[in-house]
Amino acid sequence: MSVLKRKLEGRAALVTGGSRGIGAAIAKRFAREGAAVAITYAGSQGDAQQIVYEIQRDGGRAMALHADSGDAKAMQAAISTTAAEFGTFDILVNNAAMLRVRAIDEFPLDEIDRMLAINVRGPLVAIKEALRFMRKGGRIINIGSVTSDYVPASGLSVYACTKGAIASMTRALARDLGNAGITVNNVQPGRIDTDMNPADGPLAERIGHSIALGHYGNPTDIANMVAWLASPEAAFVTGTSIKVDGGTSA
Ligand code: NDP
């Protein structure tokens with residue numbers, strides 16, 4: 001019988017936007033590593049319940065919480081519910097985000113506000129609330145984008161700006177939270193095949209050529225890095241942005 005210890009045994013995590021794509025892959029990977037996992041969703045209740053079902057079927061602990069990342073009260077409630085249900089709060093993954101591709105002069109102001117609210121304010125609110133419960137050894141992992149440093153196509157100004165903010169907040173928070181023994185890191189995916197950016201979608205035609213490895217990545221490619229950052233092996237890694245992009249920015 002295997003005596004390999006699972007990396008996240010006894011830990012409790014919340015993954016925002018865990019109903020589909022990269023967030024769902026992270027939640028399932030965390031559960032396989034022994035963590036109890038809460039996922040949030042905004043619209044896809046059925047998908048969220050399916051992820052919870054799959055984790056529980058495989059012997060894990062999970063729950064789905066309806067919480068729009070643009071709604072501060074809902075985010076706060078999701079965090080405190082996670083801590084109350086699991087009895088601890090160790091890992092926060094800020095994954096949920098919105099992407100709209102448009103030239104800045106054509107962007108409706110309410111769409112800019114919504115992207116800033118979901119992609120930037122949401123993570124800040126979640127981190128602020130999570131710190132009420134997180135202790136030494138806690139992990140904050142933001143999902144940014146390679147687009148904060150490298151913009152391969154037009155129409156990405158607002159999205160790139162939100163992901164640049166994620167990289168900056170990661171560095172600054174690592175300074176603030178170092179003494180508390182909490183690490184803060186930013187995983188920057190390149191082109192990953194999800195509903196947001198399908199490998200056969202319109203964005204792929206414009207940016208697919210930029211991938212050094214010649215193909216899109218899978219959500220599990222990101223989950224592998226996030227699981228490592230959440231583990232004790234990454235205890236001395238903080239304040240950094242790590243690209244998982246198949247060489248897109250090489
Ligand atoms: P998807 O669009 O495939 O999935 C997004 C997830 O976030 C869904 O679970 C969705 O749930 C949830 N979500 C969306 N809006 C909200 C909201 N307002 N409140 C709560 N949950 C929300 O995206 P990806 O999996 O591709 O992206 C995940 C992360 O990776 C994002 O931060 C994205 O910016 C980043 N990224 C992705 C890349 C890619 O190529 N795919 C490249 C670089 C970065 P629901 O359906 O219930 O709303």
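## A tour from Arg 20 to the cores

Start by selecting Arg 20, which is partly exposed, with a relative accessible area of 37%. Keep in mind that this is a predicted model. Asp 195 is exposed, at 56% relative accessible area.

Next, select Arg 100, Arg 102 and Glu 111, which are linked in a network of salt bridges. Within it, Glu 111 and Arg 100 have their closest N and O atoms 4.0 Å apart. Glu 111 sits in helix H4 (residues 109-130), and Arg 100 in the loop between S4 and H4. Is Glu 111 buried or exposed? Glu 111 counts as buried, at 16% relative accessibility, whereas Arg 100 is partly exposed, at 36%.

The largest nonpolar core has 34 residues, and Ile 26, Phe 30, Val 93 and Val 226 touch the most other members. Elements that each supply at least two residues include strand S1 (12-15), helix H1 (21-32), strand S4 (91-94) and helix H7 (219-230). H1 gives the most, with seven residues.

Centre the view on Val 226 and show its contacts: leaving out residues up to four places away in sequence, Val 226 touches Ile 26, Phe 30, Val 93, Ile 141, Ile 143 and Val 187. To finish, select Leu 65, Ala 83, Phe 89 and Leu 177, which are among the 29 residues of a second, separate core.

Notes:
Residues numbered from 1 in each chain as written. Predicted model: local features only at pLDDT ≥ 70, side-chain atom pairs only at ≥ 80, totals over all residues. Heavy atoms only, no water. Core = buried A, V, L, I, M, F, W, Y, C linked by side-chain atoms within 4.5 Å. Buried < 20%, exposed > 50% of the residue type's maximum accessible area, 1.4 Å probe, protein only. Helix = DSSP H or I, 4+ residues; strand = E, 2+ residues; numbered from the N terminus. Contact = heavy atoms within 4.5 Å. Salt bridge = Lys/Arg side-chain N within 4 Å of Asp/Glu carboxyl O.
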